Amino acid sequence: MLDTELDLRNNPCAIEPATEVLKEGGIFLVSLPDGSVIHRDNGSLGLYYNDTRYLSHLELQVAGQRPVFLSSSIRDSHFAQIELTNPVFNLPDGTVIPAQTIHFRQLRLIKDALFQRLRLINFNPFPVKLLLRFDLAADFRDIFEVRGSQRRRRGELLPVEVQRQGLVLAYRGLDNLLRTTGITFEPAPASITGRPGQAEITFALVLPPQKKLYLHLKIEPAPDNIPSGNKISDLFSAATIEQATAYHQWQRESTRFWTDNSFINAMFQTAVTDLKALQIEYPGTGRIIAAGIPWYTAPFGRDSLIASWQALILNPALAHQALRFLARYQGQKVDRWREERPGKILHELRQGEMTSCREVPHSPYYGSIDATLWFIILLGATYRWTRDDALLRELAIPLRNCLHWCLDHGDLDGDGYLEYQRESPAGLANQGWKDSWDAVVDREGRLAEGPVALVEVQAYYYLALNEAAHLLAILGDELTAADLKRRARELQERFNRDFWLEDEGYLIFALDGRKRPLTTLVSNGGQALFTGILPPERARRVARRLLAGDFYSGWGIRTMSKREKAYNPMSYHNGSVWPHDNAIIAAGLRRYQCLEELSRLAAGLFAASPHFNYRRWPELFCGFTRRGLSGPVRYPVACDPQAWAVGSLFSFLQHLLGLELGEHGLFISRPLLLPGTSRIEIRNLAVAGSRLDLAFEEKEGRVLANVLKKEGDLKVIIEA
């Protein structure tokens, strides 16, 4: 039986950083900066669709050599441009073509297929006869294979179907499904040769001096009809316009952010378009934010819910989509293989060959202890933000089903806490947000025995009970609401008795299966803050503890204290820095008005931003201490973009500015500005049926908030 934990997180492969990521419509491309897609063992490079790699190799050769890479860029998270030139080479007649005299520009985008336009210009004073060759391959490997899982058997790569303008690569899987990659060119190549899974395409070109020549390429996973009757150049132009229009429409519908810092503005621009690019649609089910590229381009309950919660200030539609999508897949029965229970929210949904063959249980898989709680938390936050009574009525039954799971299935031993223990032999050993196999350990570094009650899960549970009570009271069920309030108070009392570590002024990690406290110092306790489960004095002690040097790296709060035996700053969960973890902690710091700690935390993360591609926080980075002028150390296989890392930017903004929705309106309390800014403007903010334009500006050492424009009857209360 495959162990799905041995795929990525314990097998970080050394690959060149992939800086070109394109995503749309369930298809995504990850490639090297020079535009090539070259398969490396356990690498992520390639074109993916439905959890399968439909292209594992794409390389351009000029006169038998690879072109020289100049630069590359991504526009609005969906349009890539790669600049290349030629090395020195000889023509068949002996003429030497000097280096950097032929320019190649690749434009790429994805719209139901991968489109590429290659423009060539010859800057020599004479015509150049040029032989171009494209090498292509498709291995059709399942994403779990790409991540490192070993399979005893695979399906069959089929012979290449050669056509006049292209070819079809094909694979019949063990699930008996035929998967194909259609590749077409315009104009037609001079020759096409291939063998199962691979092909070579050559063009014999004559480049006049100073003239532009274009080659178009279309790569279509699982094509319905190859080749298309339309010209690829026309399809490329249409797709470019359609994608630009769609992204501009998304930006018009969303909140707009402006600061007097151009770098921060670029961060917001990237984050806004990233959240458009990460949305995926399942026919008949709806849209949802995918967790991250390349490993997690699929629905993940926890990730989608948290990212949508973070992005309420940007666009509440993301939360509506996530809640509706996950409600449709809510658990209905007891299924140990998939760890499904009635009312439980899924952990992960996959559609690849290994899922189809039941080699992995992700159809969907429900091994998450906290996704169900986050469903309730997000529903409560979304209702508070939008006052959407129709949505609340629509999701009233899924809300009650979530509570049913909490009360009847989540507490495995009847002690009032929610615990997890792996049931499926192919499931996750750890089922909180730190779900790598070695993430939950005691102070000696020993793995915890289950069932495990994590500290942050109990805090989420407390918040979820209170949110559910509030929502059910609105729906008229005062009796159940009162009972949930009582349960929340009792949980709070138990929690502060059993999870508090007085000597450290902090919280324990978890209770193990024997109810022994795991006193390992980890960031999980910091996530308890935003739920309000701690009394103020204890919360302030937790805040101070998190900003001490063993936790705070200078770039962010580590997942584990440097004092622990299991600490490793290069690990996935035992010493790295996760932006979303820091953002949730930041929400808690704001709740308890720990503003000095909040400012310091934000300063570190924003100082890290210039060191990452496209000014984007990755999924995680290494937890080494900040020193001198050096930047943060990258984690080798972090998702980038990753939904809740992208969403962290909006969460930090909201909590720095002190924006909070209450019963009587929008409260703005003791606002702080983003690091490096002195003025921030928020326009087209959708809150509770109203639209707002707000401005925040520092004057004489104070941050002043002003309402520039208001449409609707929402009250805005500003507290200096």
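How far apart are the mean positions of the 84 positive and 83 negative charges of the chain? In this predicted model they are 3 Å apart, where Lys and Arg count as positive and Asp and Glu as negative, with His and the chain ends not counted, and where the place of a charge is NZ of Lys, CZ of Arg, CG of Asp or CD of Glu. Because the model is predicted, local features need pLDDT of at least 70 and side-chain atom pairs count only at pLDDT 80 or more, while totals for chains, interfaces and linings use all residues. Residues are numbered from 1 along each chain as its sequence is written, and side-chain values use heavy atoms, with hydrogens and water left out.

**Overall fold**

- The chain has 16 helices and 34 strands, these being DSSP runs numbered from the N terminus (H or I of at least four residues for helices, E of at least two for strands).
- The radius of gyration, taken over C-alpha atoms, is 27 Å, close to the 27 Å that the globule rule gives for 720 residues, so the chain is as compact as a globular protein of that length; the rule is 2.2 Å times the number of residues to the power 0.38.
- Taken along the principal axes, the C-alpha atoms fill a box of roughly 85 × 65 × 50 Å.

**Burial, surface and contacts**

- Of the 720 residues in the chain, 62% are buried, which is to say under 20% relative accessible area, whereas exposed is over 50% and partly exposed lies in between (1.4 Å probe, protein chains only).
- The chain exposes about 26,300 Å², of which carbon and sulfur atoms supply 49%, by the Shrake-Rupley method with a 1.4 Å probe.
- Among contacts (heavy atoms within 4.5 Å) between residues at least 6 apart in sequence, 65% join residues at least 24 apart.

**Cis peptide bonds**

- The peptide bond from Ile293 to Pro294 is cis, with omega near 10°, and Pro294 is found in the loop between strand 22 (286-292) and strand 23 (296-299).
- A cis peptide bond also runs from Gly450 to Pro451, with omega near -5°; Pro451 lies in the loop between helix 9 (396-410) and strand 24 (453-454).

**Positive phi in loops**

- Asp76, although not a glycine, has a positive phi of about 50°, and it lies in the loop between strand 7 (68-75) and strand 8 (79-85).
- Asn176, again not a glycine, has a positive phi of about 70°; it lies in the loop between strand 15 (166-172) and strand 16 (178-186), where it is exposed, with a relative accessible area of 53%.

**Helix 7**

- Helix 7 (residues 371-386) has 16 residues and reaches 22 Å from its first C-alpha to its last, close to the 22 Å expected at 1.5 Å a residue, the expected span being 1.5 Å times one less than the number of residues.
- Helix 7 is mostly covered, with 15 of its 16 residues buried, and just after it Arg387 takes a positive phi of about 55°.

- Asn315, in the loop between helix 4 (301-310) and helix 5 (317-328), is buried, with a relative accessible area of 7%, and touches Trp250, Glu253 and Ser254, not counting residues up to four places away in sequence.
- Glu423, in the loop between helix 9 and strand 24, is partly exposed, with a relative accessible area of 22%.
- Glu423 and Arg336 are 87 residues apart in sequence but 5.8 Å apart in space, C-alpha to C-alpha; Glu423 touches Arg336, Glu339 and Arg341, not counting residues up to four places away in sequence.
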